Amino acid sequence: MELTRRDAVAALGALGAAGGAALAAAKAGDSRAEAPDLADETTTRASMAAVATVLYPTAVDGVDSFVDEFLDGRLDGSAHAEGLRAAVAELDEAARAWHGAPVADLSEADRDRLLREIGADVADEDPEGTTAERVRYYVVNELLLALYASPTGGELVGIENPQGHPGGAQSYQRGPR
Amino acid sequence: MSGGPIDRTPVSDADVCVVGAGPAGALVADRLAADRDVVVLDAGPRFDPADRLARQERAIRPSYGRPDVWDVGGERDAHANSGERVYPLNHARVKGIGGSTLHWQGMVMRLHEADFNSETERGVGEDWPIEYADLRPYYAAAERELGVAGASDNPYAPPREEPHPMPAFEPSYSDSLFAEACEELEIDMHSVPNARNSEAYDGRSACVGYGTCQPVCPAGAKYDATVHIERAETAGATVIDRAPVQRLEHAGDRVTAAVYATPDGETHRQTADAFVVACGGVETPRLLLLSASDAYPDGLANSSGTVGKFFMDHLFAGAGGTLDEPTRQNHVGFYTSACDQFYDEADESLAPFKLEFFNYAGPSPVEQALTGEDWGDALLDRLRDGYGTHVAMGGLVEQLPRSDSYVTLDPDRTDDHGNPVPEIHWSVGDRALRTIERANEIQREILETLGADVEWVAGPDATGPAYHHMGTTRMSADPDDGVVDADCRTHDLDNCWIASSSVFPTGGAMNPTLTIAALALRVADDIDDRLSAA
């Protein structure tokens, strides 16, 4: 099933650009003692697309362009964007330390292993938590949210108007196809 | 949002001061703003409409609890529980411009005629000092104000004089499955009124199916009270956010000022000719209790001793399970069919109750995707296994007013301004618990006839509140029995009204907001008449 530009736009339509954590960040201010390292835009996009190929089911195509277009709306200079780039920087640093290459250059099996080694599989997401919790929030769940709030992601499961997607007030009336 | 400093100083020569910018306060303010100088004070912030998608994201993501969606919690919202059941107050309210309509479900039924005469008709509870007929024109006006999508296909609904402002939402696919079982059991299904646009209405769009109605509608298709606050401001009202009222001051039998705090640490006095307390079923009695004086040592307007007493909510009764066929759930976040057939069978031993046929049974795949240790094909397999065949029913049950269910002040804990926090002492009686069992019986019968494998039942032990706070400043003809009179004006103070579900002597089993809205419009008319007469 092909992920399209419509899916990326729809995912952004569901989530917007700011991100849920941005509200808290704006309210609390930045109390960190020092600014975290941020991945540059190229690294962020390449890393997120590489991770998405692990997280997304094999039934979907067009992952690279979907992630790229989705990130067009999420890497907008907001507090959420900064958290995302910081989490990617930490993941990339771990990839280099443990596997000798950036995330985007690892094999799919090594990317899967990296995510589990850093603890993102068992961590509960938390935008202000440990590295594992932040990778879960800003990388893993960011990408899963983008997919499963989109029409194509929803249709994979059997719901063409998933929660978060403004897919109209007709589909709930229709029976199974 | 404007970049300059916000002026939160009092309005001089105000006619009406409204405390609380939820639906009751907003409707009063809007109705009076064209001809009166109105000021509205609210404890919470003015939320930026541009943040609604981010708040929706919070509603979906697992790291945020329900209170986080609208920034509820912290010292400002501290509270205590002392009753037999824990009351999750901060899940049940939003403070800010729009109030709890920002997170509500948006269901808007009229109370039944017998609900106004519970003691006479059912032998328990209290009679209201007004009848359904007194509120009937205001119900119709409230439906127009909120924008209600509904139909006249409910044979059990009280009489109405005109169609709803918008057509009802069409039944869901799963409603059609339930209909077969209900027909076999001779149980009637009918449409349900929604304060949600089934078509464009009042400058707001039709529902676009975000599916997160409760706790946030990014489209604005679900009514919330920012609609009337904005309209009131356009008509000239002044709305001051982040201005928690600390106490009401009085001289003799008249309230003279609302003393409020502002974020800069200042305290101000807003004077007015008339005051409307519209802070919901918990903060309304709290404010009166915090306003105790030498003349009213037990709390302002509390000569009857009933301020804070008779705290009520509706109790949830539900059941659900799975079928061996697709049920098409979680496309929208509201329900489209209900059953009021058993409502007016209420008597001394059984309470009124209504039944709801859910369109959001079982897990939402998006939310499921964000938890668990799997991804890729394994995650997709789990989501497919978890979604698609769920069905569920809900229902609301009346609880009676009880002297052992109340809101008071906690003497041991204070909020961010040093005021004692509310203490909730919530107790539920046997009549309500018996009625939950009765509702469960019918729900189980319907589900089993449908062929469902019943997997859960929310009965008397698992029930919870519907977040409808009622009863804590009740309406009474006799000043010894309640806080406000039939006009919702306090018995004790000539220029103080209460617009809130806190004035309900009994709660019925219908969602309260349409009744809150109708009473608020009636309060506005009474204030207007009395100010004109003065």
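**Exercise 1. The chain A–chain B contact**

How many residues does the contact take from chain A, and how many from chain B? Then describe the chain A side.

*Solution.* The model is a predicted one.
Step 1. Count each side. Chain A gives 43 residues and chain B gives 43 residues.
Step 2. Find the helices on the chain A side. α2 (20–28), α3 (41–55), α7 (131–148) and α8 (151–157) of chain A each supply at least two residues to the side that touches chain B.
Step 3. Pick the main contributor. α7(A) has the largest share of that side, with five residues.
Step 4. Sort by class. The side of chain A that touches chain B holds 23 nonpolar, 15 polar and five charged residues.

**Exercise 2. Two domains in chain B**

Work out how domain 1 and domain 2 of chain B meet.

*Solution.* 
Step 1. Domain 1 of chain B covers 9–148 + 212–314 + 401–411 + 468–534, and domain 2 covers 161–192 + 315–397 + 429–462.
Step 2. The C-alpha centres of the two domains of chain B are 30 Å apart.
Step 3. Count the contact. Domain 1 of chain B puts in 26 residues, and domain 2 of chain B puts in 26 residues.
Step 4. Look at the domain 1 side. Helix α5 (residues 132–146) of chain B gives the most to it, with three residues. By class, this side of domain 1 of chain B has ten nonpolar, nine polar and seven charged residues.

**Exercise 3. A helix pair in chain A**

Are α3(A) and α5(A) roughly parallel or roughly perpendicular?

*Solution.* 
Step 1. Take the geometry. α3(A) packs against helix α5 (residues 79–99) of chain A at about 70°, and their axes are 10 Å apart.
Step 2. Apply the cut-off. Angles of 65 to 115 degrees count as roughly perpendicular, so α3(A) is roughly perpendicular to α5(A).
Step 3. List the residues. α3(A) uses Thr43(A), Thr44(A), Ser47(A) and Met48(A). α5(A) uses Leu84(A), Arg85(A), Val88(A), Leu91(A) and Asp92(A).
Step 4. Sort them. The contact of α3(A) with α5(A) has four nonpolar, three polar and two charged residues.

How values were computed
Residues are numbered from 1 along each chain as its sequence is written. Chains are lettered from A and ligands numbered from 1 in the order in which they are written. This is a predicted model: local features need pLDDT of at least 70, side-chain atom pairs count only at pLDDT 80 or more; totals for chains, interfaces and linings use all residues. Two residues are in contact if their C-beta atoms, placed from the backbone, lie within 7 Å. Helices (H or I, at least four residues) and strands (E, at least two) are DSSP runs, numbered from the N terminus. Ala, Val, Leu, Ile, Met, Phe, Trp, Tyr, Cys and Pro count as nonpolar, Asp, Glu, Lys and Arg as charged, and the others, Gly among them, as polar. Domain bounds come from an automatic or database domain assignment. Axes are lines fitted to C-alpha atoms, for helices over the stretch in contact, and angles run from 0 to 180 degrees between N-to-C directions. Angles under 35 degrees count as roughly parallel, over 145 as roughly antiparallel, 65 to 115 as roughly perpendicular and the rest as oblique.
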